[in-house]
Amino acid sequence: MQVVEPRTGLAVAVRATIKRDLTLMLRRRGEVINPLVFFALVITLFPLGISPDTALLAEIAPGLLWVAALLATQLSLDVLFRSDFDDGSLEQLLLAPQPLPALVLSKVLVHWLLTGLPLAVMAPLLGIMLALPVESYAVLALSLALGSASLSLIGAIGAALTVGLARGGVLLSLLVLPLYIPILIFGAGAVQAAVLGASAAPHLALLGALLAMALMLAPWAIAAALRISING
Amino acid sequence: MWAFIHKLGSPKWFYAISARLTPWFWAAAAVLLVVGSVWGLAFAPSDYQQGNSFRIIYVHVPAAILAQSCFAALAVAGGIYLIWKIKLADMAAAVIAPFGAAMTFVALFSGAVWGVPTWGTWWVWDARLTSMLIQLFLYFGVIALRGAFASRDSGAKAASVLALVGVVNIPIIKYSVEWWNTLHQPATFTLTERPAMPADMWLPLLVMVLGFYCFFIALTLTRTRSEILRRESAKRWVRDLADGHAGGRR
């Protein structure tokens with residue numbers, strides 16, 4: 001009888017990680033939907049807290065939408081590694097022969113697919129409620145899609161650092177939010193530029209540059225942080 | 001040279017060598033700070049626009065410089081600890097972080113006090129102030145993360161990683177905030193476009209900056225020494241040292 005070696009290439013492992021995470025997350029739909037509900041809820045709070053005046057709301061809408069989406073992403077970070085840490089599959093990920101940064105990157109990709117991307121798709125809807133001018137909807141969705149990928153990557157560093165702690169929630173936001181500031185600036189700036197009729201391209205390009213840099217550096221930091229959290 | 005560095009990495013040797021260096025740095029800090037403050041506060045000419053209020057610069061600028069240097073030092077110490085596992089680097093990092101946070105706060109506070117006579121307000125969302133505020137939050141994050149772990153080693157490693165991530169991000173934050181500021185509100189007043197200072201204004205400033213650095217080094221050495229004693233308290237040489245002290249006093 002011939003023994004068939006299991007395929008252990010990097011592509012196989014990455015595909016398997018993505019498939020596993022997608023399956024797991026789609027079975028726990030609440031965790032996918034909750035950030036979206038949170039996003040809608042926070043946006044509902046602003047007109048109640050500030051004023052229902054559409055002119056005023058339209059003016060501050062780009063910033064509000066971006067801040068709310070950023071907070072929603074940040075709140076969803078904890079699930080990124082938590083259940084894997086609790087059931088021990090994170091240790092298996094660390095022991096895998098494939099490079100950890102690549103595997104971690106595929107986990108972050110799933111997080112973005114199920115958090116950042118839905119937020120970006122949903123944002124124009126909330127933009128309507130805030131009387132955001134129609135011209136800026138495409139830019140709003142695009143900037144959120146681009147920016148939330150960086151948010152997921154940077155946030156994963158914080159999530160990996162705090163995953164070993166029993167109560168890491170507030171600490172996680174303390175670590176991550178200062179690092180989110182550049183993305184917020186360029187993301188909200190892009191929408192603002194679109195509202196004013198200027199070209200949003202420079203902002204989007206900078207968001208892309210930040211994403212490229214985060215893609216390059218963050219996986220290694222996440223991997224190092226996970227090793228610290230697991231090995232102590 | 002390498003042998004010396006290796007020896008320096010050992011807490012016992014560092015303790016012995018720093019015992020000789022620390023008093024000199026304290027003395028230099030005291031002299032420089034006294035000379036700088038008296039020179040700056042009493043003898044330097046007053047600014048033709050801001051009058052005497054500009055003298056806050058002699059505290060504000062050194063604190064701001066130190067606040068930034070401390071983060072760099074924190075990241076370097078974190079890198080040394082992560083790469084070479086030299087515990088001494090982590091002891092220094094544990095000591096530097098609160099000092100850096102304090103300096104950032106001093107820079108922010110003195111800036112706010114300076115803002116009242118010059119800008120007529122305690123706080124403006126100026127690019128420099130904002131990036132300094134964000135840096136304060138980064139310091140808080142590093143300190144909080146270190147404290148959150150039950151095991152000291154995990155906390156130390158996690159704080160080192162965060163310090164390295166932070167130091168990569170600080171320039172990005174700084175430039176993005178500057179860009180945001182120019183986009184949203186045109187700068188009505190800038191600190192940078194002051195007329196070039198005459199020498200009798202910037203010389204005391206230089207003395208103060210050097211004094212702050214000496215103070216930083218002296219304080220870091222002293223606090224690292226007590227950190228060594230605390231962490232190595234089970235080691236024989238520390239116990240011998242304690243016995244010796246007790247014997248000397250008897």
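This report walks through the helices, salt bridges and a nonpolar surface patch of a predicted model.

## Chain B at a glance

Let us start with the overall build of chain B. The chain has 8 helices and 0 strands, and reading along its sequence gives the pattern α-α-α-α-α-α-α-α. Along the principal axes, the C-alpha atoms of chain B fill a box of roughly 60 × 40 × 35 Å. Of its 250 residues, 44% count as buried.

## How helices pack in chain B

Two packed helices are described by the angle between their axes and the distance between the axes. Take helix 4 (residues 87-119) and helix 5 of chain B: they pack at an angle of about 155 degrees, and their axes are 9 Å apart. Since angles over 145 degrees count as roughly antiparallel, that is how helix 4 of chain B sits relative to helix 5 of chain B. The crossing of helix 4 and helix 5 in chain B is left-handed.

Helix 3 (residues 57-84) and helix 7 (residues 199-231) of chain B make another pair, with an angle of about 45 degrees and axes 9 Å apart. Helix 3 and helix 7 of chain B are therefore oblique to each other. For helix 3 and helix 7 of chain B, the crossing is right-handed.

## Salt bridges in chain A

Side chains of opposite charge can pair when their charged atoms come close. Over all chains, the count comes to 12 salt bridges. One of them joins the side chains of Arg20(A) and Asp84(A), at 3.2 Å from N to O. Arg20(A) belongs to helix 1 (residues 10-27) of chain A and Asp84(A) to helix 4 (residues 79-87) of chain A, so this pair ties together parts that are 64 residues apart in sequence.

In chain B, the side chains of Arg230(B) and Glu227(B) meet in a salt bridge at 2.6 Å, N to O. Both residues lie in helix 7 of chain B, 3 residues apart, which is about one turn of the helix. Arg230(B) counts as exposed because its relative accessibility is 58%, while Glu227(B) counts as buried because its value is 10%. Salt bridges with shared partners join Asp90(B), Arg146(B), Glu227(B), Arg230(B) and Arg231(B) into one network.

## A nonpolar patch from two chains

Which residues make the nonpolar surface patch of about 300 Å²? They are Leu174(A), Phe137(B), Phe140(B) and Ile143(B). Helix 5 (residues 127-148) of chain B supplies the largest share of the patch, with 3 residues.

Leu174(A) is found in helix 8 (residues 169-195) of chain A. Its relative accessibility is 32%, so Leu174(A) counts as partly exposed. Patch residues need over 30% relative accessible area, and the 32% of Leu174(A) is over that cut-off.

With a relative accessible area of 12%, Ile185(A) is buried, because the cut-off for buried is under 20%. The C-alpha atoms of Ile185(A) and His203(A) are separated by 9.0 Å, and the two residues are 18 apart along the chain.

Over in chain B, Ala77(B) lies in helix 3, the helix that packs with helix 7 of chain B. At 8% relative accessibility, Ala77(B) counts as buried. What separation do the C-alpha atoms of Ala77(B) and Ile56(B) have? They are 31 Å apart, for residues 21 apart along the chain.

Terms used. Residues numbered from 1 in each chain as written. Chains lettered and ligands numbered in written order. Predicted model: local features only at pLDDT ≥ 70, side-chain atom pairs only at ≥ 80, totals over all residues. Heavy atoms only, no water. Patch = residues over 30% accessible without salt bridge, like charges linked within 9 Å, V, L, I, M, F, W, Y side chains within 5 Å. Areas by Shrake-Rupley, 256 points an atom, 1.4 Å probe, with all protein chains shown as cover. Salt bridge = Lys/Arg side-chain N within 4 Å of Asp/Glu carboxyl O. Helix = DSSP H or I, 4+ residues; strand = E, 2+ residues; numbered from the N terminus. Buried < 20%, exposed > 50% of the residue type's maximum accessible area, 1.4 Å probe, protein only. Axes fitted to C-alpha atoms, helices over the stretch in contact; angles between N-to-C directions. Parallel < 35°, antiparallel > 145°, perpendicular 65-115°, else oblique. Left-handed = near helix turned anticlockwise from the far one by under 90°.
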